Amino acid sequence: MHYFSTNKRSPTVTFREAVLNGQPDDRGLYYPSEIPRLSDAFFDELPRRPIADIAFDVMRPYVAGEVADERLFEICRETVSFPLPVVRVSDTISTLELFHGPTLAFKDVGARFMSRCLQEFSLDGDKRTLVIVATSGDTGGAVADGFHGVEGVDVAILFPKGKVSGVQEMQLTRVGGNVITLEVHGTFDDCLAIAKKALADDDIKAKAEVTSANSINVARWLPQQIYYFAAMQQIDGSEVVVSVPSGNFGNLAAGLLAAKSGLPIKRFIAACNANDVVPRFLLSHEYEPRPSIQTLSNAMDVGDPSNFVRILEMFNRDTRAIRSTLSAVSISDAVTETTMREVYEQCKYILDPHGAVAYRALTDDLNDNETGVFLETAHPIKFDSVSQILDKEIPVPDDIAELARRPRTSIEAENSFDAVKEIILSKI
Ligand SMILES: *Cc1c(COP(=O)(O)O)cnc(C)c1O
C-alpha cells in the first residue's frame, strides 16, 4: 500500500509520509493505491466481534506495517473506546449516534487515531511536532482532546473569540498541558489565514516539525470507516441506506470506502444544508465551488468541499457511477427547524441541526423496501440553537459540567500573525 496525490503531480509516499506531510505539494489529496477487500469470513463474524478487533482489521492494510501490530491494535482500541450505538428514532428510521466520545462529536474518532499515529512517528525524530489548526468549533475541540497529553507533540489551536457555542468554547479553552489555545479577536477566516502563515513560518519551523490536523490528513480520514462497520453490526434490515450530514465530505468519503471494501451498504445520501455544490454537481455534472453560506448546521457551511475529490477518485471521475451509489439533497434552515420540532414532538428524539439535515434528507429519499440510517454527528448540547428551536432546556452531560469547573487555560490574541507567532514561539 502506498499513497498517491489525486493531482498526480507529487511523488507517491508511504502511510507515515502521508500522515506527516498532510497534503501533497501539488495541492491534491493523498489517496490509497488500493482499496482492500475484506473476506467473507470477516463479514460472517462481523456482528459478534469487538469493535476494536474490527477496527484493527480495517485499518491494518492502510497502515501497511508502519506502526507495529501491537501498537496499532492499542491505537484502534483507544480510538473507539466509547459507545457507537444505533438508536431507533421512528418505525422506519434509526440513527448511528457518533457523539458519545470525549468532545461529543464524530471528529473524536479521526482526531484520536491521528494524534496517536503522529506520536508514533514523531518520537523517531529529534524535534517535537507542532500541530497548528484553525477551527470554527468542532474540529478544535476534538483535536485538543485527541492530542492532549500525547508525548512529543504540541498543539496550537486558533479560534475566533466569541464565535463558537458555549460548550465548544468550554472544550477549547480548558485543556492546558501541551495544548495552546488562542482566542483570536477576529473571524474564522482570519484564524485560517494566520494558521496557514504559521505553518510556513521559518522561525516556527526551526523549533518544531510543523503540521496541520485538518480533515484531509489520511490518519483522520481513514479511521472514520470504522463506525460504519459498527453500524452494520447492529442493523438487521437489508437494503441499508445511510444518510451523512456533509460539509467537507470526509465522513461520507470514508463510508463509501468502507462499502468498496465490501461492507453491505446499498447506497448513501449526501445530506447538505444550503451549501449545495455537490447536489448541484450530481444534477448538472458541473462542479462549481462558491463562497460558503452561514446556516444552522454551521459545521457543514462549506462552499468547496475539500474531500470531494476523493469521491471522484474512488469512482474514476465517472459521474454516472457516483450517482448509482450516491444521491445528494439540500435542506434549508427553515425545513431543518421544522424537522427538529416534528421529530421531538412525534418521537421524543432531540436532533442537532446537522443530524436534522440528515434525517430529513433520508425521509425525503427513502423507498419502502429500504432500511434507513442517518448519522448524528454531534450532541445537541453543542449548538445553542437547539434549546431555542425546541423551546426546551437540553440536559448537560456530566463531562461538560465537570469541564466548567476546570481553570481557563486559553490565551487571547490580537488578530495579527505577529502576535500569534510570538505567543506560539514563547510556548513551544
Ligand atoms: C465536521 C462536521 C460535519 C461535516 O463532516 P465532513 O466530514 O466535513 O463532511 C457534520 N456535522 C458535524 C457536527 C461536524 O462537526
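A cavity, as the term is used here, is a set of points on a 1 Å grid over the protein atoms alone where a 1.4 Å probe fits but cannot get out. The model on display is predicted. By this rule, two cavities of 30 Å³ or more are counted.

**First stop: the largest cavity**

Select Ser246, Gly247, Phe249, Cys272, Asn275, Val277, Val278, Pro279, Met300, Val302 and Pro305, which line the largest cavity. The space inside the largest cavity amounts to about 40 Å³. Colour helix H13, residues 277-284, which provides the largest share of this lining with three residues. Which classes of residue make up the lining of the largest cavity? Eight of its residues are nonpolar and three are polar, while none is charged.

**Second stop: the second largest cavity**

Next, select Leu96, Tyr228, Ala231, Met232, Val242, Ile265, Val373 and Leu375, the lining of the second largest cavity. The volume of the second largest cavity is about 30 Å³. Two elements, helix H11 (226-234) and strand S12 (371-376), each supply at least two residues of the lining of this cavity. The largest share, three residues, is that of H11. By class, the lining of the second largest cavity consists of eight nonpolar residues, with no polar and no charged ones.

The ligand is surrounded by 15 residues, of which Lys107, Asp138, Gly247, Asn248 and Thr377 are the closest.

- Lys107: an N or O atom of its side chain is 2.5 Å from an oxygen atom of the ligand.
- Asp138: a polar side-chain atom lies 2.6 Å from an oxygen atom of the ligand.
- Thr377: a polar side-chain atom lies 2.8 Å from a nitrogen atom of the ligand.

Is Gly110 buried or exposed? Gly110 counts as buried because its relative accessibility is 1%, and the cut-off for burial is under 20%. Beyond its neighbours within four places in sequence, Gly110 is in contact with Ala219, Arg220 and Pro223.

Select Pro102, Thr103, Asp145, Leu403 and Arg406, which lie nearest the centre of the second largest pocket among its 14 lining residues. The volume of this pocket is about 220 Å³. Helix H6 (138-147) and helix H19 (398-403) each contribute at least two residues to the lining of the second largest pocket, and H19 gives the most, with four. The lining of this pocket comprises five nonpolar, four polar and five charged residues.

**Last stop: Ser5**

Finally, select Ser5 in strand S1, residues 3-5. Ser5 has a relative accessible area of 0% and is therefore buried. Which residues does Ser5 touch, not counting those up to four places away in sequence? Display Ser10, Pro24, Asp26, Gly28 and Leu29 to show these contacts of Ser5.

Terms used. Residues numbered from 1 in each chain as written. Predicted model: local features only at pLDDT ≥ 70, side-chain atom pairs only at ≥ 80, totals over all residues. Heavy atoms only, no water. 1 Å grid on protein atoms, 1.4 Å probe; cavity = no way out; pocket = protein on both sides within 12 Å on 5 of 7 lines; lining within 4 Å. Points joined across faces, edges and corners; volume = space filled by probe spheres on them. Nonpolar A, V, L, I, M, F, W, Y, C, P; charged D, E, K, R; others polar. Buried < 20%, exposed > 50% of the residue type's maximum accessible area, 1.4 Å probe, protein only. Contact = heavy atoms within 4.5 Å. Near = heavy atom within 4 Å. Polar contact = N/O pair within 3.5 Å; in protein donor to acceptor, adjacent residues only side chain to side chain.
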